[in-house]
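Trainee: I would like to learn how to read a structure like this one. Could we go through it together?

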Amino acid sequence: MNKSMRWGLLIFILPVLVWLLLLIVLPQVDMAIMAIRADNEFGETGFSLANFRVFFSEPIYWRTFARTAIFSVLVTFLTFLITMPVAFYITKVVSPRFQGFLTVLTLLPFWVSELVRVYGWMILLRESGVINHFLIKSGILNKPVELLYNDATMVMGLVYTSMLFMLVPLLSVLENLDNNLIEAAYDLGGNVWSITVKIIIPYCLPGIVSGSIVVFMLTLGNYLTPNLMGGKNGLWFTEQIYNQFIASFNWNQGSAFGFLLLILSSAIIWIGLKLTRQSLGKVVQ
Amino acid sequence: MIRNIPQTKTYSQGFKLYVGLYFVFLFAPLLVTCVLAFNDSMFPSLPWKGFTLDWFTGHGPIRTGIFHDQINLDSIRVSFKVAFFVSLLSTFVGTMAAFLFEQEDFPFKQLLFFLMLAPLVIPGVILGISILLFSNTLGVFFETRMGLDVGLFRPGFWLVVLGQFSFITTIATLIVSARLKKFDPTLEEAAMNLGATRFETILHITLKFLRPSIIGALAVSFLMSFENFNTTLFLVSSQATLPINLYLQVRDGSTPVINAISVLMIGGTSLLALANLYFSKPDR
């Protein structure tokens, strides 16, 4: 019996180790090694921090980097603001008969490819788009305006893409929030604002943190939405990585950028977890 | 505030309005995309010029519908093939991982668990480039040391499958684990006391119990693979998957054929998502 237990462990652990080692650990190590190698003036490749020096000395790189980080934090915050009332409405306000239906309805659009959703926004917002058509027909505008290709539209697109990943954890924590807590606070004289800040938000913190981590990470690593909806003069950092790899074919430089993006995402997630006193293991459950 | 607390009319009406607007925001792009697939016009835009199925069934020379558009049909076929392999592989390894983390004990378990979660916090673009780099390193190694030219290490079909597999397996693991947590271990003990081996027990008892979650993991991995863009972007060769192919077309202008494909994708994914919801309900 004991022997078959050991065999079980071996059979279960083998595919898992192969997966994590070959597709996660070693590729990341390889990327880190690539990042600290560069050609010297004789055309030989060796250890060098030149790739990182380029990043800090060229404003276009680190500005894009900072821009991506700041916008990602903003998108995460906006996504939370927009979805929190919806999650609350579905779990606590609407009659239980519609609860399941509304939940499915909120989740359904996110099964559709991100590309289709971005494309939908493009045909709504562009100069010859549907919104311009209605604005001109109703006489509000007399000449079409380009609503695409600016930062505000890009942020909206990123929020739209991320809402699901905030909604799901929020729905599940709110589901477990005892209505009596809210009722008691109300009986003791609390109003909507104080109950939200003192009861609901603290209770939902694990869900908020886990949603924020996923949204932040996905926004930071997004390529499609900034590329198709963002302005031509405001790049996203993943576009810089793509350019290094595919256009300039400078894999060492690209790896250094990839490495920096990975550090940034881990650092901000770590800070977020520390500030809210959560742990990654608990948050993903 | 909640159901049983009375509120002012303005408050509850305002709340309703907000949620209504949210749903408009949520569905507007999808609805417009679908409607314009049937517009009798050369461009996916208003005004409405009448109903047509040309963008589905038209066969040239001016309007080629999706059913006759060879490039797009090819990419749909590639996407199906990739998603088929990714969902099978991810669910298989994910189920193994679920058993490993829920039922086994071994040194460094916590470390391995965090490693398993890592793909959730690594951006997809990074996974893509790191796998591209590593496969290239391996390819060069095999070629210079052993004189072997291994096709697997070059961008192409199998590298796309592996790249998507690398993070979708984490999702599959979490889906199967969630159900395995609820499993009553006395059932396994009873089976083993009655003389079943560990593997007979798993086959007849535990896997039966896990079936809804395994079906769920298959469906979710299939959808995630079918629509993946970020990781795939770095690993494709000339055999583009559907999202990559659509991206190239959307970037260089658009025709209502893209709307027609979107209609098919929206229909297909909704059906699969609803079917999954129905079949993976544990107490059916």
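Predicted model: local features only at pLDDT ≥ 70, side-chain atom pairs only at ≥ 80, totals over all residues.

Trainee: Which residues in α5(A) meet which residues in α7(A)?

Mentor: To read a helix contact, list the residues on each side. From α5(A) come E114(A), R117(A), V118(A), W121(A) and L125(A), and they meet T153(A), G157(A), Y160(A) and T161(A) of α7(A). Sorted by class, this contact holds four nonpolar, three polar and two charged residues.

Trainee: At what angle do these two helices of chain A pack?

Mentor: An angle and an axis distance describe a helix pair. For helix α5 (residues 114-125) and helix α7 (residues 151-176) of chain A, the angle is about 145° and the axes are 11 Å apart. The crossing of α5(A) and α7(A) is right-handed.

Trainee: Let me try another pair. How do α9(A) and α12(A) pack?

Mentor: Helix α9 (residues 192-220) and helix α12 (residues 251-275) of chain A meet at an angle of about 165°, and their axes lie 11 Å apart. Angles over 145 degrees count as roughly antiparallel, so α9(A) is roughly antiparallel to α12(A). Their crossing is right-handed.

Trainee: What do its overall dimensions look like?

Mentor: The C-alpha trace of chain B spans about 75 × 70 × 30 Å along its principal axes. Another way to read size is the radius of gyration, which is 24 Å for chain B, whereas a compact globule of 284 residues would have one near 19 Å. As for burial, 41% of the 284 residues of chain B count as buried.

Trainee: And how many residues does each chain bring to the contact between them?

Mentor: For an interface, look at both sides. Chain B contributes 71 residues and chain A contributes 70. Several helices of chain B each supply at least two residues to the side touching chain A, among them α3 (70-103) and α6 (157-180). The most comes from α1(B), with 12 residues. That side of chain B divides into 53 nonpolar, 13 polar and five charged residues.

Methods: Residues numbered from 1 in each chain as written. Chains lettered and ligands numbered in written order. Axes fitted to C-alpha atoms, helices over the stretch in contact; angles between N-to-C directions. Helix = DSSP H or I, 4+ residues; strand = E, 2+ residues; numbered from the N terminus. Parallel < 35°, antiparallel > 145°, perpendicular 65-115°, else oblique. Left-handed = near helix turned anticlockwise from the far one by under 90°. Contact = placed C-beta atoms within 7 Å. Nonpolar A, V, L, I, M, F, W, Y, C, P; charged D, E, K, R; others polar. Rg over C-alpha atoms; globule rule 2.2 N^0.38 Å. Buried ≥ 20, exposed ≤ 12 C-beta atoms within 10 Å, placed from the backbone.
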